[in-house]
Amino acid sequence: MESQVSYRFDSQQTANRFLNKLKHWSVAKVTATLCQGGFGVKIRYEVDTSGFDYTLSELDDLAMQHEGEEI
């Protein structure tokens with residue numbers, strides 16, 4: 001099952017830094033694109049159905065490190 005989540009950042013530069021982190025992210029395979037005029041990042045990923053999926057929690061933590069919030 002595919003899931004998606006979006007985050008908003010205070011600047012386009014911060015959104016790009018977050019996007020670049022995801023390109024080399026080792027937690028899960030995600031597809032990420034800029035949205036909302038470059039201030040947001042939209043992420044799609046496959047939910048791990050073999051147990052509890054920590055992907056969203058890890059994404060939230062990473063976004064928080066970049067002062068982003070889920071929208």
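Colleague: Which helix is Thr55 in?
Modeller: Thr55 sits in helix α2, which covers residues 55-65. Keep in mind that this is a predicted model.

Colleague: And is Thr55 buried or exposed?
Modeller: Buried, because its relative accessible area is 5%, and the cut-off for buried is under 20%.

Colleague: What does the Thr55 side chain make a polar contact with?
Modeller: With the side chain of Asp53, at 2.7 Å.

Colleague: Leaving aside neighbours within four places in sequence, what is Thr55 in contact with?
Modeller: Trp25, Ala28 and Tyr45.

Colleague: OK, switching to the strands. In which sense do β2 and β3 pair?
Modeller: Antiparallel, over six bridges. Strand β2 is residues 30-35 and strand β3 is residues 40-46. Cys35 stands opposite Gly40 in β3.

Colleague: How many residues lie between the strands in that hairpin?
Modeller: Four, and Gln36 takes a positive phi there, near 55 degrees.

Colleague: You listed Phe18. What is Phe18 in contact with, again skipping neighbours within four places in sequence?
Modeller: Quite a list: Tyr7, Phe9, Val41, Ile43, Leu59, Leu62, Ala63 and His66.

Note on methods:
Residues are numbered from 1 along each chain as its sequence is written. This is a predicted model: local features need pLDDT of at least 70, side-chain atom pairs count only at pLDDT 80 or more; totals for chains, interfaces and linings use all residues. Side-chain values use heavy atoms; hydrogens and water are left out. Helices (H or I, at least four residues) and strands (E, at least two) are DSSP runs, numbered from the N terminus. Buried means under 20% relative accessible area, exposed over 50%, partly exposed in between (1.4 Å probe, protein chains only). A polar contact is a pair of N or O atoms within 3.5 Å; within protein, one must be able to donate a hydrogen and the other to accept it, and residues adjacent in sequence count only if both atoms are side-chain atoms. Contact means heavy atoms within 4.5 Å. Two strands pair if DSSP finds at least two bridges between them.
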